[in-house]
Amino acid sequence: MHSLNQKSNTLQSLLGLFLQSAHMPYKVINTLAHLRISVSTDTINQAVQSLLQESQNSLQQLGQSLVASYMYDNFDVDLKHDTPTVKKSNDSLKHLTSSLMFPLVHGVTLDNLKCSEDLWRSMNVSCCNQFNSWMFLHNLCAYGLEYFHQFKAMIHSPEPVKQIPTVKMPIFAAQVMDINNSTVSGNIQAVMELLQQGRVEDPAVTLDATKYVVLMHRDLGTGEEWWQELKLFS
C-alpha cells in the first residue's frame, strides 16, 4: 500500500492532508505513518508550506499583471471556548472575510483597463440603474402581492449592453482576512489587504495601478458602501 518511492506516495499524502484538515491529533497521524497508511506530520507540514508558497506566488504574479479581478465576502465562525470565562462568555462569534482572484479572459489586455481617469470623469451609472429598475419590477411582479402578478408578462428581459461568451477560467483562493467588512472602514481595509496579497500596492514590482481600473466583486449593498467611501476621500 505504501510505496518505497517518496515521490509516488500520492494516496498517503492525500490521506495525511485530510487527517490534518480534520484536526486529527499528531500522535494518531504519526502512528498511521508508522503503519505506512499516511505520511508523517513533518511531511504534511512541508507539503502545506509548499502549497502555501505556490499559492502566494500565483496570487502575486496575477495581481502584478493588473489583468485580474477580485472577489470577497464576509462569513462568520463560532469559536466556542472549551472553558468559558467571564470576559469572553459571549465573544465566540468571529467575523472574517474570504476572497478570490481570477484573471480577466476574453482577450482583455492591460491597455483595455487604462481608463481610470476617464471613468472618474464620467461616473455614468445609468446602465446599473436600468438593471436595478428592471430587477425591482421583476421581483415585484414575480414575488410581490398577487395583484402585481398580472403584469409579469409585460416585463421583458433587459436589453444586453455587450454579450460575452461563457468560458472556463482559473480561480485562486486568497488568504482569509481577520476583517469585518460590514462597516465602511472594514470594507476599505479588506480591499487594501486583498490588493496587498497581489502586491499591487508595491511600486517596485508593478505598474502604477492608479491609471488602471481594478474590478471588485461582492454581494448586494457593496455599491452603496463604496459610494460612502468615495465621499470620504473626495
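Gln-197 is found in helix H6, where helices (H or I, at least four residues) and strands (E, at least two) are DSSP runs numbered from the N terminus. Residues are numbered from 1 along each chain as its sequence is written, and side-chain values use heavy atoms, with hydrogens and water left out. Gln-197 is buried, its relative accessible area being 13%; here buried means under 20% relative accessible area, exposed means over 50%, and partly exposed lies in between (1.4 Å probe, protein chains only). Leaving aside residues up to four places away in sequence, Gln-197 touches Leu-59, Gln-60, Ser-99, Ala-174, Gln-175 and Met-177, a contact being heavy atoms within 4.5 Å.

The wider setting comes next. The protein has seven helices and four strands, and from the N terminus on the elements follow the order α-α-α-β-β-α-α-β-α-β-α. Of its 234 residues, 21% count as buried. The protein exposes about 17,000 Å², of which carbon and sulfur atoms supply 58%; accessible areas come from the Shrake-Rupley method with a 1.4 Å probe, and for residues only the protein chains shown count as cover. Among contacts in the protein with a separation of 6 or more, 67% involve residues 24 or more positions apart.

How confident is the predictor, and which elements have the lowest and the highest mean pLDDT? The protein averages a pLDDT of 80, and 79% of the residues score at least 70; pLDDT is the predictor's confidence in each residue, from 0 to 100. Among the elements, helix H7 (residues 222-233) has the lowest mean, 65, while helix H2 (residues 26-34) has the highest, 89. Where pLDDT is low, the predicted coordinates should not be read in detail.

The four strands form an open sheet in the order E3-E2-E1-E4, with mixed pairing. Strands E3 (172-173) and E4 (215-217) stand at the edges with a single partner strand each, so one side of each is left without a neighbour in the sheet. Two strands pair if DSSP finds at least two bridges between them. Strands E1 (residues 68-78) and E2 (residues 93-103) run antiparallel and are joined by eleven bridges. Along this pairing, Val-77 stands opposite Lys-94 in E2, and Asn-74 has Thr-97 of E2 as its bridge partner. E1 and E4, by contrast, pair in the parallel sense over three bridges, with His-217 in E4 as the bridge partner of Met-71. Helix H6 (residues 184-197) lies across E1, E2 and E4 and runs at about 125° to E1; axes are lines fitted to C-alpha atoms, for helices over the stretch in contact, and angles run from 0 to 180 degrees between N-to-C directions.

Ser-69 is buried, with a relative accessible area of 0%. Not counting residues up to four places away in sequence, Ser-69 touches Leu-100, Met-101, Phe-102, Leu-104, Leu-215 and His-217. A polar atom of the Ser-69 side chain lies 3.3 Å from the backbone oxygen of Leu-215. Ser-69 and Pro-103 are 34 residues apart in sequence, yet their C-alpha atoms are 6.2 Å apart in space.

Asn-181 lies in the loop between E3 and H6 and, at 0% relative accessibility, counts as buried. The Asn-181 side chain makes a polar contact with the side chain of Thr-97 (2.8 Å) and another with the side chain of Arg-218 (2.8 Å). A polar contact is a pair of N or O atoms within 3.5 Å; within protein, one must be able to donate a hydrogen and the other to accept it, and residues adjacent in sequence count only if both atoms are side-chain atoms.

Most residues other than glycine have a negative phi. His-23, in the loop between helix H1 (10-21) and H2, has a positive phi near 60° and is exposed, with a relative accessible area of 70%. Leu-66, in the loop between helix H3 (41-65) and E1, has a positive phi near 65°, but counts as buried at 7% relative accessibility.
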